[in-house]
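The stops below are meant to be selected one after another.

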Amino acid sequence: MPLMHTFDPPERFVVGTVGEPGARTFFLQARQGARVVSVALEKQQVTVLAERLDELLDEVMKSAPTVVPALAPHGLDDKAPLEQPIEEEFRAGTMTLAWDPDEDKVVLEVFPISEAEVVAEVDESGNLVDEDAVSAIELDEPEPEEVLLVRIEPGSARAFVKRAEAVLGAGRPNCPFCGNPIDAEGHLCVRANGFKRRDPV
């Protein structure tokens, strides 16, 4: 059985970063009392999670407008930094989102990145027994060792999305010409024939 890090509900559940723009590490962090779990993830994963969570809440709001707020309640704004010290529990791989209609809560499961083991029949020399390598290889997906399970109220979920969008927007500005991030020194813009563009002042 995997180690379950369950928060139902957490006192605090946020996304935040460590490091300077362009070299930031993103974390999901849940806290209940003195217990804190931090999971590292990619910026793109934060973007997708915020979008899907917002879409899920919008869908539920159509059938239950009194349960799900259209916007994040003001009292739930969280602009504080991540809890210190940050100890990475694992790096996020697959994430699942669901709505629990019995408790009116969003359910998020975060699984660690897992690398499927390649299992093949080989002879004493290390050669594949079957000449057709494709038929001799099977992928064995291991069970996750840990899982982060978070169940949150709709208002807290909207607040999570609001903070995630603010965190994502606090990174490097995008080039108005090519859309790629601009470093403090500028960047090689693909639409400027290799010339370095700088952020306009």
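Which residues does Leu 28 touch, not counting residues up to four places away in sequence? Select Leu 28 and display its contacts (heavy atoms within 4.5 Å): they are Phe 13, Val 14, Val 15, Val 37, Ser 38, Val 39, Leu 41, Leu 49, Met 95, Val 110 and Phe 160.

This is a predicted model, in which local features need pLDDT of at least 70 and side-chain atom pairs count only at pLDDT 80 or more, while totals for chains, interfaces and linings use all residues. Residues are numbered from 1 along each chain as its sequence is written, and side-chain values use heavy atoms, with hydrogens and water left out.

Next, colour the chain by secondary structure. There are 3 helices and 11 strands, taken as DSSP runs numbered from the N terminus (helices H or I, at least four residues; strands E, at least two).

Now select the largest nonpolar core, which has 32 residues. Such a core is a set of buried Ala, Val, Leu, Ile, Met, Phe, Trp, Tyr and Cys residues joined through side-chain atoms within 4.5 Å; buried means under 20% relative accessible area with a 1.4 Å probe, protein chains only. Phe 13, Leu 28, Val 39, Val 106, Val 110 and Leu 148 touch the most other members. Among the elements that each supply at least two residues of this core are β3 (25–32) and α3 (154–169). Helix α1 gives the largest share, 7 residues.

Finally, select Val 147 in strand β9. Val 147 counts as buried because its relative accessibility is 2%. Leaving aside neighbours within four places in sequence, Val 147 contacts Pro 2, Leu 3, Met 4, His 5, Val 110 and Phe 111.

Note on methods: Buried < 20%, exposed > 50% of the residue type's maximum accessible area, 1.4 Å probe, protein only.
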